[in-house]
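User: I would like to go through this structure in short steps. Please start with any term I will need.

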Amino acid sequence: MKLTKISEIRRKELRQAAFEVLQQEGMAGATLEKVATHAGASKGIVLHYFRNKQDLFEQAMREANASLRDAVNARLNRARTPHERLEAIIEGNFEERFFRPSICHAWLSLCAEVPREPQLARIQKVIHARMRSNLMSALVHLLPRNECNAVALAISALIDGLWLRLGLQSEGLTREMALAQMKDYLTHRIPRTGD
């Protein structure tokens, strides 16, 4: 049995607390003091594990992204056809535990820092590359190769746009509505033939 070090447990708790503070305060209002209070620790403890605010929130973004990645991968592992792979990617990106206004607010807050924070820009680049790779693994079996890049970009943009919409208006957009928009696009763009 593998034992987890106390320091790793504490770092994870602080990353999760940072992401929860981001959900409530946004990047502008999130401080090390608020994260420490939320985690039941001191600012000194936070700085013991993380170099500064940017390091902490970068790690929080990585933690949140890893949870979303794992949710998508779990669905992809059950998918057997290209259409099922597309559905797994889309449904994973709109899982109820992630597609909530507070989480969308936190993501928007972090994404707003991407132009100024090279580390966040690198994480965002990895996220987009993974999304494209996952989509392409299904699309190459469903469309002519010369159409796949454009469709992968459109699906990614639609996912991002629906997250943005929920983050900006917090009322009215549901997971079911988002999935219906995605399915409508796929129905019109990708012919359904026998997998």
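Analyst: One term comes first: a crossing is left-handed if the near helix is turned anticlockwise from the far one by less than a right angle, and right-handed if clockwise. Keep in mind that the model is predicted.

User: Which handedness does the crossing of H4 and H5 have?

Analyst: Helix H4 covers residues 53–78 and helix H5 covers residues 82–93. Their axes come within 8 Å. By the sense in which H4 passes H5, the crossing is right-handed.

User: Are H4 and H5 roughly parallel or roughly antiparallel?

Analyst: The axes of H4 and H5 cross at roughly 155°. Angles over 145 degrees count as roughly antiparallel. Therefore H4 and H5 are roughly antiparallel.

User: How many charged residues are in the contact of H4 with H5?

Analyst: On the H4 side, the contact has Leu68, Val72, Arg75, Leu76 and Arg78. These meet residues of H5, including Glu84, Arg85 and Glu91. Sorted by type, the contact residues of H4 and H5 are five nonpolar, two polar and, for charged, five.

User: How is H1 oriented relative to H6?

Analyst: Helix H1 (residues 6–29) and helix H6 (residues 101–112) have axes that come within 8 Å and cross at roughly 75°. The range from 65 to 115 degrees counts as roughly perpendicular. So H1 is, relative to H6, roughly perpendicular.

User: Which residues form one aromatic cluster?

Analyst: Phe94 and Phe99 make an edge-to-face pair, 5.0 Å centre to centre with 80° between the planes. Phe99 and Trp163 also form an edge-to-face pair, at 5.7 Å and 70°. The cluster is made of Phe94, Phe99 and Trp163.

User: How many residues apart are Phe99 and Trp163?

Analyst: Both Phe99 and Trp163 are buried. Phe99 is in the loop between H5 and H6, while Trp163 is in helix H8, so the pair links distant parts of the chain. Their separation is 64 residues.

User: Is Ala157 buried or partly exposed?

Analyst: Ala157 is in helix H8, residues 145–169. Its relative accessibility is 45%. Buried would need under 20%, and exposed over 50%. Therefore Ala157 counts as partly exposed.

Note on methods
Residues are numbered from 1 along each chain as its sequence is written. This is a predicted model: local features need pLDDT of at least 70, side-chain atom pairs count only at pLDDT 80 or more; totals for chains, interfaces and linings use all residues. Side-chain values use heavy atoms; hydrogens and water are left out. Helices (H or I, at least four residues) and strands (E, at least two) are DSSP runs, numbered from the N terminus. Buried means under 20% relative accessible area, exposed over 50%, partly exposed in between (1.4 Å probe, protein chains only). Axes are lines fitted to C-alpha atoms, for helices over the stretch in contact, and angles run from 0 to 180 degrees between N-to-C directions. Angles under 35 degrees count as roughly parallel, over 145 as roughly antiparallel, 65 to 115 as roughly perpendicular and the rest as oblique. Contact means heavy atoms within 4.5 Å. Ala, Val, Leu, Ile, Met, Phe, Trp, Tyr, Cys and Pro count as nonpolar, Asp, Glu, Lys and Arg as charged, and the others, Gly among them, as polar. Rings of Phe, Tyr and Trp (its six-membered ring) pair if their centres lie within 6.5 Å; planes under 30 degrees apart count as stacked, over 60 as edge-to-face and the rest as tilted.
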